Every structure is written in C-alpha cells, then in structure tokens.
Amino acid sequence: MRLQVAFVFRENNNSLYRANLPRNMIENSMFEEEPDVVDLAKDSTAFPVLLYEVVYEPRSSRLLVRGLGENEMDEDEEDCESSARLLGMSFMNRSSAHRSTSSPYTRQSPPRSCSRPSARTLVVCVLFLVIVVSMTMVLYFLPECTFTKSGCRKQTTPAEPVYPISTNGEMFPWAQLRLPQSIQPLSYELTLNPDLDKMTFTGTTVITMTVRHDTKRIVLHSANLNITKATFKLGDGKATDVTVLEYKPRQQIAVKFSEELKAGQQCVLTLNYSANLSHTYDGFYNSSYSDKDGNKRVLAATQFEPLSARKAFPCFDEPSFKATFQIKISRKPDYMTLSNMPKAKTTSLPSGLQLDEFEKTSVKMSTYLVAFVVANFTPISKNVSVYSVPEKKEHTEYALDTACKLLEFYNSFFEIVYPLKKLDLVAIPDFLAGAMENWGLITFRETSLLVGKQSSLLEKQVVASVIAHELAHQWFGNLVTMSWWNDLWLNEGFATYMQYMSLQTVLPKLDIGNLFLDVRFRALEKDALNSSHAVSTEVNTPEQVEEMFDSVSYEKGASILLMLNASLPGDQQFRKGIIQYLNQFSGLNTDTDNLWNSLTQVDVSTQHQNVSEMMSSWTSQKGFPLVTVDRKGDQVTLTQEHFLLTSDNATHTSSLWHIPVTYINDTCSLAPDCKQVFTLKTKSGKTYSCQSWVLIKWLKLNHGNTGFYIVHYGDDGWAALIDALINNVNVLTPEDRASLIHNMFALSRQVLSLLNYMTNETETPPVTEALLQLNNIYRLLDKRQETDFVSRMKVRILSYFGSLMRNQTWDEEISVSKQELRSALLETACNLNVDSCIRQAKALFKKYVESNGTAHIPGDLQRVVFTVAAQSEESWSTLLEKYSKVSYDAEKRKMLQGLASTQDTRILKEGLQGNIIQTQELPLVINTVSSSFSGYLFAWDFIQENWNQLIEKFPVGSFSIQKIIKSTTSQFSTQAHLNQVQGFFSSLKERGSQMRSVQEALETIRLNQRWMDRNLPSFNEWL
Ligand SMILES: [Zn+2]
C-alpha cells in the first residue's frame, strides 16, 4: 500500500532534525470497536491505566522546565505557558479540550435523584439499577463480536445479535464491522461523472454477485454517498426497485429480501448515487495547483487504501473480496482521464462532454487498488508512462528510465511477467502519502516522482526507492494480497524489502545499503517499546487499520525478511521460496502462515531448518531479543531475553525467538565467507565450545546487522572490541561498527568509551549513527536547559567529529554515501553554531539569492543552508518568497524546513490553511518546528488547539497523525509534560485517545524522564 512519505525522505534522519528517544511502558490496551448502542458499562472503565497514572502525582516530583521556580506554578499548563512567555513569544489560546486536562479523573457526584434517598426512592433506585445493569450486560456482550482472522465466534447464548437502526428508522440487518461472507462480488461496472466546477460527482455502480450461502440480505460498504435509486435483478429475472438501508457509523448499506437468495444464484445490484468530491486526501478527492501563468487548475484523483473506495462507489470494501472492474468516466474535452486499464474508447455525449471507457480489468483485484484520475496531465512514455502537470514534464525522465529498469528486473526476478497491459506513474500535486500502488496506475506525491535537472544522486535515491517499492507491490499486494489488514506486513514488509534489494542490484550507485541499515536501527527503536505490536496483529476498528501503516509493518517486516534471507545458504533459496509463494497464491489472498509454509517447502529440501517455525516467532510476538554473550576460554554462552527499553514492566518474559545468530571474529571478519550461522532457540544459557576460541581476541555477533536483535558482549567482550577498533577501525566493516554504536546506545550501559575510537572513524554508517544518537541526547538536554551538560556535550561532539566537519567541502559531491555523511556532519556543526559552518552556509545562500536562482546549492546541503539563512528575519522573508516561486519540489521542501526552523511559527497556521503551504506538508512543518528549542512548546500547543481540524485532514491513527504525535511529544522529559500529554489525549475519547501512538508518546516521555534520572550521573562522568 501507500509508501509513507516521511520515511522515504529521511526528514529526520540526519542528526538534529530527528526526535527519536527511548520509550515505553504502558500495556498495549487494544481497543474494541465502538458499539452500536450507547454502552453504559464501558464509559466508566474506558481508560483505567491513564486514570491510575494521572491522579496522584506528588507535586514535588514535577520537574520544571526552563528554570522557573516551582513556587511560581500552580497548574501544569503554566509550566509550558510561562516558559514560552519567557522566550518572549506570544502564546496561543489553549483549546478547551486541553483545559479540561483533569476533568475525566475527578470524582463525579452520584446522580441527584439518588443522592439523599428516602426508603421509597431507594427501592425505586435499586430496581432501576438492576434493570440498567441487566440491560448493560446484554448490550455489552453482544457487540463484542468483533472481526478477527477467524471471524466472529458464536456466543454460547442463542440470543439474536442486537441490530442497529438504519438512517430511515428500520432495523439494519447486520451487526458487525466485517461484511458477511454470504455474497461474493464478481464484477463491477462503474460510471462516474465528476463535475470539477461544482466539486461533485454522480455515479452508477452495477455489481454482479454470486450467492455463496443462502441469505436474505446483501450488505456492502458505502460512505458519504447519497444513493438515489437502486434496482435488483436475480438470475434472468426482471430488475425491480429495492430499498437501500444505511447504517452510517459502520459505513454500510444493505438490501433486505423477504425470500432467501439461494447459494449458487447470480444477481445484479445497480445503484445510482451522487456525492461531493472529497476535500481531504482520500476517496475521490479534488486537488489543485497553479499553472505557469498563475491560474488555478483543478483535478480529481483517488486514494482508496485502506478504507476509502467506499467513498467513491458502493462496494465490498475488504481486500479479500476481489472482483473485476470496468470503468467509464465523463470529462470536459480539455481534460483527460486515467484508470487501472488502458482506454478502450471515447464517445461524445450530447452534453458536450466526452465519455472515456476503459477495458475491463484482466485480473481480479481488491477494491483498495482501483484508481482513476481526471486532470490535464502530460505523459512521457516507453513501455511505462509517467504523467505530470505540463509544467513539470521535464522532471519526469529519471522516473521513466528507473521504472523501466525496475520493471524489467522484477519481471525476471519473480519469473512472473507484470500482468496488466500498461503501467502509468502519475505525479499528483496534492497527495498525502509518498505513493500508492494502484494496479496499473501508481500515484505519487510530486516529490516522490519528479527529479530536477540538477538533482543530486541522493535526491534520485528518494525517487528510485519509492518507484522500486511501488513496483514491487504490483506482485506483493496486488497479485497476492493479504486477506485482512492484520497481515498488512505481507504487502508492506515485502515491498520495503524488495525496494532495497532491487536497487542494490539495479542501481548500485545509489548506495541504498546505508539507508536500509538506518531503517533497521529505527525499527528496532520502535519495537523496543512495550507499546509496540506483533508484525501480524489483530485489527478491529478503522483506526486500528490505519495504525497498521507503521514502521513495524514496513521496516520490521523488511528487516525480518533480510534476516531470513541472510541466514539461508546461497542466494537463491529465498528467491525460490517467494516465487513459489507468488505462483501458489497468484490472484488470491493469503496470511502469514501461507508465506512461511511456501518458504519451508522450498527450503526443507536443502536445509534442515523449519522456516515456518523460526519466522513465526518473529511475526507472532512483539519486540525482539537481546542476546547476551558470556565468553570464558574456549566456551561461549549465549542467552536471550525480550529487550524492552524499560525493563520495569517486562510482562513478556516468556517471549522466545528462534534467532539465526551470525558471528565473526578477529581471525576472519571482513570476507563474506567469514560469517558463521547457527540458531539459538532456547532462553537460558546455551554453551558452545571450540578449542580454537581460546586464541580468539573478540567476537562480533549479528554480522552486518542483518539480524533483528541487539547484542550485549559483557565488560570483557566490549573492551576487546573497543581495543581492536582503537588500533584499527578496519577490522570490522562500517556496518558492523555502526551496529556496535547502535547497540551500545540502546543498552545505555557503561560502554560510551566505545566512542573513543570515533576520532579515527570516517565512514558514513557509524558516523551518522553516532551523530544521531548524540544529537538525540543533546536535544533532550537542551530542551531541559541543562546548559552545563549542553556545552560540555558540544565540546565532546566537536572533539570526535570536529576535524571531519572541517574537512567537508561545500561543492557538488558525487558519491551518495559522502553526501549522507556530509549533510549529517554539517547539519550538526551549524546547529552547534560552529563559526565556519555558519559562515559557509550564509555565503552559499547569498550567492544563491544574488544569482537569481542560477547558482545551485548542492541538494544534500540545501537543508542546512536554508536553515541557517532562515534565522535572520530578512533572509526568512527572502526564503518565503523563493518558496512560492520554486517549481522543483524537493528543493521546496528543504526551504520549508528552513522556514519552519525559526521562532516564526506562523508557518504552522499557513500549513493548516493550505494556501501558501500545502496541507500535505503540515506533518513535516510540525516536525521541524518541534525540533527547535524555540518551537517545540508552540507545536504542542498548536496540535492541542487544532486537533479537530488535524483529524479532519489526517485520519485518526494514520501515519501522518502518528508522526505529528511523535514530533510534538518525544522531547518531553518532565512529569508536568507527561501529565499534560496524558490529560490532553485522554480527553479526546473517540477522537484519538486510544491510538497506539498515544501509548508510545507516554512511554517515550517516561523513558526520557527515566533516562535523565538514571543516566545523567554516568553521562556526567563520561563527559
Ligand atoms: Zn507500500
């Protein structure tokens, strides 16, 4: 599905602009679907964890921010408010939601009627209570039937389900979120008539279905559609008008029949409807841009994954209801249309409009993959076509060339030829995700597809990655689809893995390996939280479906596939397994077990390892193991335990993984065949002995960090590795060095001395990882105004990296890896106010402005240059002016990051309004504002104040909302802020209080607090 834009762009990747500290702790309370009826029993117990944790915080434990005396504060808000005032900023009005911080936790008076009971009222009250409790029990348990992989289990009581009431007052004949399995759609004929002047559309959907089981109802999805007429035809019978019932909370419609439809019968339902084009980023939505003459041009495009096809046409909107689609769209003559299939014919209508008719899809597909676009785009074509607005046509060549190469690669790698007749890649001006893999019509954000003439390889890497990801989906996701969203990782983990794998082969100059390594480190960080979830996890509500689009599905999914591939002998086992899987399930839906079984079948013949057994341990439980090495003479003992950033709440001690442990040692560490593999399946002490180990100086486990686990070597083991690196950094590969740095920070133990070897380090992966980790701590201390620590850290960072920083050039740099290194170093240097860095950046900006845009700033340096420039008021205005004129979007985004890095937080409001700054960029703006000292409190206030508008644009649970929550809360480390965050989110109720990212945010703040309490003393010593 969608490739999320943030991850693609590594906005936060390098140093300063990233908020990514430790987290964890609250139990991951899975929430249940909203009941159909008012659920009296649930209200009182909605947030037990939060309730417990908020109320009795002793005031003395509150840590105050920004140096205010405690006696000056009464309310939590004040900590934040006054500190902002201290900085001389005007303060935004707080939302009422925020003001009510503590209200859900105060004791409520009992109902007045029973407060001073007479004997009679007491009896009445007791009777009343008994009735209420009985009704509540009935209502509570019935809607419990939520959808799971195995469907809805029958209750032991024979009671009828409680059916909800339709919009027209009649009983709605279905009481679950998942659709009944009794009807299978076979084909859809869609006719759509969008009116881009009025921003509305009308449509006709003809659905041919077959009856699987006898039934008296047809239930399907429809959202925000006004159904004007419906007819039904059974077999060869006559079409008759039928009444359509609607139950809006579940986005379902239904037709009831007096006679049973019998299994095996075919029937046709025809629905006419009208609707508004959506003003958000999903469904059939309107988008606009300014052409080169400054005129506003409008267009309409679709984004259906995961649950929005139902907003464009009534349908069975679950991935397992695959069907064929035949689509017709009318348009004005100066527009064109695109859909999944090639255009079959165009006819002129009496109204003067044209009607484009597309071929029927040659394959069955899930509704979320249907797509269409009405616009006036221009294409360039080979065997693939790339479309953009006419002004940006010259930016499409790189995408065309890359897509052709990758398509050829996948056709041969999977040994299954791409099955549709055409493949279009389209850059949509207003687009929220990075891209969407609609079959045959992949839609992209402009930044994910278009490449400027002077773009660096690092910018091309972004575009190539997204294309590689979306093309992989044409097989993983489109041809073989997960049965339900609980296994989203089968789509996303695979597409993510294939994007790195394919680019390493097809475009090795892009150096994609560093990015993949970084992605694995970040996935480990998220999965080390107690609020993480299993790769394959139960999904119930629409919000939970949205939440599946996170780094566990994408990056952990990709990481465990890499681990599996790296542990198999030879390089073909894995490939053979996935070819078998694709062939076996072509056109069908699958679950995780299907995948492991396919791989096991191929693998078993050559290796005595049960892939299914091993990999299930990685997909069915959350988190990952910490492997501890204990070496004595010729013996090495390994143990594994569930690694949690906070072990205080280690409720999952029974977790056990089958770990394909790889290792190297000082006698052989660099050549590919040095790597040894074995599987660690037990929890406690597995001892291995080998005579020759007596002579070995050190062991490094998890070779190349291809495994999804971290390692603790014990004092002696770490010391030996540090010694070796201080003598010669090249005894380990850069990936292994980066892996040690990552593990060391994750463990927060006394191994900071590892960094002593850093003065000799010049390679990208270890330097960027160390910078990222040190910058995270730096920023946290900075936000707490620990000025002494901050200045000492600055000295420390410069002592490690100062000479490397000074050695960086500011000219064009060819190598991607060196660009990554340079931007990380210079961004840190300028953020630490290193004179030479600031001077160079200002000079480059001056040259750029004076040349009137002809002087080019190298792509990898644009962010640091624009950020430095934006700090002066005059340059900020210049930059804003440039921003509105520059046409190349990657450059525009970096300008935006510069604009958002200052105290001028107008940019937040602009992003929300969407005029000067597109609303699709708001998550990036919030992230950048939050990362600065002057902006992080503003950003937090901003989201509280504007929450309702935010969730209107970005659905609750969506990746954008996840990112916004993380950006605005991950740098808090005080009890006062913890209380604020907890209070705000719990007040949201159904508007977001139960999101997993809220749990993550709270866990992160607690971890930050804990890190401060526990580690500052040792950190102090180290500094
Ligand atoms: Zn994807």
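I took a salt bridge to be a side-chain nitrogen of Lys or Arg within 4 Å of a carboxyl oxygen of Asp or Glu. Searching the whole structure on that basis, I found 39 salt bridges.

I note that the model is predicted, that local features need pLDDT of at least 70 and side-chain atom pairs pLDDT 80 or more, and that totals for chains, interfaces and linings use all residues. Residues are numbered from 1 along each chain as its sequence is written, and side-chain values use heavy atoms, with hydrogens and water left out.

**Entry 1: salt bridges.** I looked up Lys421 and Glu359, whose side chains meet in a salt bridge at 2.7 Å, N to O. Lys421 lies in the loop between α7 and β18 (424-428) and Glu359 in the loop between β14 (354-358) and β15 (372-375), so the pair ties together parts 62 residues apart in sequence. Helices (H or I, at least four residues) and strands (E, at least two) are DSSP runs, numbered from the N terminus. For accessibility I used buried for under 20% relative accessible area, exposed for over 50% and partly exposed in between, with a 1.4 Å probe and protein chains only. Lys421 is exposed at 63%, and Glu359 is partly exposed at 23%.

I next examined Glu921 and Arg445, which form a salt bridge with the closest N and O atoms 3.3 Å apart. Glu921 sits in the loop between α26 (906-913) and α27 (922-931), and Arg445 in strand β20 (residues 441-445), 476 residues apart. Both Glu921 and Arg445 are buried.

Within helix α11 (residues 512-527), I found Arg522 and Glu525 three residues apart, about one turn of the helix. Their salt bridge has its closest N and O atoms 2.9 Å apart. Arg522 is buried at 9%, as is Glu525 at 11%. Salt bridges with shared partners join Asp518, Arg522, Glu525 and Glu769 into one network.

**Entry 2: disulfides.** I counted a pair of cysteine sulfur atoms within 2.5 Å as a disulfide, and the count came to two. Cys668 is joined to Cys674, S to S 1.8 Å; the torsion about this S-S bond is about -80°, so the disulfide is left-handed. Cys668 is partly exposed at 32%, whereas Cys674 is buried at 6%. Cys830 is joined to Cys837, S to S 2.0 Å, and this link is left-handed too, with -100° about the S-S bond.

**Entry 3: helix α7.** I checked the length of α7 (residues 397-414): its 18 residues should span 26 Å at 1.5 Å a residue, and its end C-alpha atoms are 26 Å apart, which agrees. The expected span is 1.5 Å times one less than the number of residues. Glu415, with a positive phi near 55°, follows α7.
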